[in-house]
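Thank you all for coming; I would like to walk slowly through one model with you today. Please have a look at it first, and then we will go from single residues to the way the parts pack.

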Amino acid sequence: YQGKLVSYATENPDDGQMERILSVMKEQAAAITSEDESFILQPQETECVKSTHQFISPDAGKVKEALAYVEKQLLAFDPRMVQVTHLEWSEEDYYRLITNSFGMHAEDAGRVQVLVAGAAAVSGEEVRDDFLVRTVQDLSDFDLDAFVKKLGETVIAKFGASPVASGTYP
């Protein structure tokens, strides 16, 4: 718009939103103060690569069991582990469409599932924490023990650490 390149993303694209989307994009373009040249590439020959991931959605009972297991194992990982700060299973179906005024049209749809956990440990006056996110294609064959070990080791390894002084390093 007016020689400025902007983009917009929405979770629920439909034609009923088009006027609002265009209005927001015009506002974005008006806010750009850079004089750098913007341009849109013409569509080029591409090879479509489809994801080979096959996400198998587990039933709610299996998710509940897995989350309870992760929590129990994290708390038992080390006596200094005092809290599971975050525990989440998330599933998301997505649809992605990319178009431009030169005829670009690419679309994709799929699913993703993730396991997220955070943990905190205390040693003396030190409190350390971390979190871990992993995609899970099939919960029934996902290695929950390896997940717990990775997060637990990362949290415990932070004891005794201190920030590096500001400066330039080679």
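Let me begin with Val 112, which has its place in strand S2, where helices (H or I, at least four residues) and strands (E, at least two) are DSSP runs, numbered from the N terminus. Before I go on, please keep in mind that this is a predicted model, in which local features need pLDDT of at least 70 and side-chain atom pairs count only at pLDDT 80 or more, while totals for chains, interfaces and linings use all residues. Residues are numbered from 1 along each chain as its sequence is written, and side-chain values use heavy atoms, with hydrogens and water left out.

Not counting residues up to four places away in sequence, Val 112 touches Phe 55, Ser 90, Glu 91, Glu 92 and Thr 135, where contact means heavy atoms within 4.5 Å. The C-alpha atoms of Val 112 and Ser 57 are separated by 9.5 Å, although these residues are 55 residues apart along the chain.

Now to the core. A nonpolar core is a set of buried Ala, Val, Leu, Ile, Met, Phe, Trp, Tyr and Cys residues joined through side-chain atoms within 4.5 Å. The largest one here has 22 residues, and those touching the most other members are Val 70, Leu 74, Trp 89, Leu 115, Leu 139 and Leu 151. At least two residues of this core are supplied by each of helix H2 (60–77), strand S1 (81–99), strand S2 (105–123) and helix H3 (144–157), and the largest share, 6 residues, comes from H3. Leu 151, leaving aside its neighbours within four places in sequence, is in contact with Leu 74, Ala 117, Gly 118, Ala 119, Asp 130, Phe 131 and Leu 132.

How do the two helices meet? The axes of H2 and H3 come within 10 Å and cross at roughly 40°; axes are lines fitted to C-alpha atoms, for helices over the stretch in contact, and angles run from 0 to 180 degrees between N-to-C directions. The residues of this contact between H2 and H3 divide into 10 nonpolar, 2 polar and 3 charged, where Ala, Val, Leu, Ile, Met, Phe, Trp, Tyr, Cys and Pro count as nonpolar, Asp, Glu, Lys and Arg as charged, and the others, Gly among them, as polar.

Let me turn to the loops. Asp 78 lies in the loop between H2 and S1 and is buried, with a relative accessible area of 13%. The side chain of Asp 78 reaches the backbone nitrogen of Arg 80 at 2.8 Å. Asp 138 is in the loop between strand S3 (126–135) and H3, and its side chain makes a polar contact with the side chain of Ser 140 at 2.7 Å; a polar contact is a pair of N or O atoms within 3.5 Å, and within protein one must be able to donate a hydrogen and the other to accept it, while residues adjacent in sequence count only if both atoms are side-chain atoms.

Finally, Cys 48 is found in the loop between H1 and H2, and at 59% relative accessibility Cys 48 counts as exposed.

Conventions. Buried < 20%, exposed > 50% of the residue type's maximum accessible area, 1.4 Å probe, protein only.
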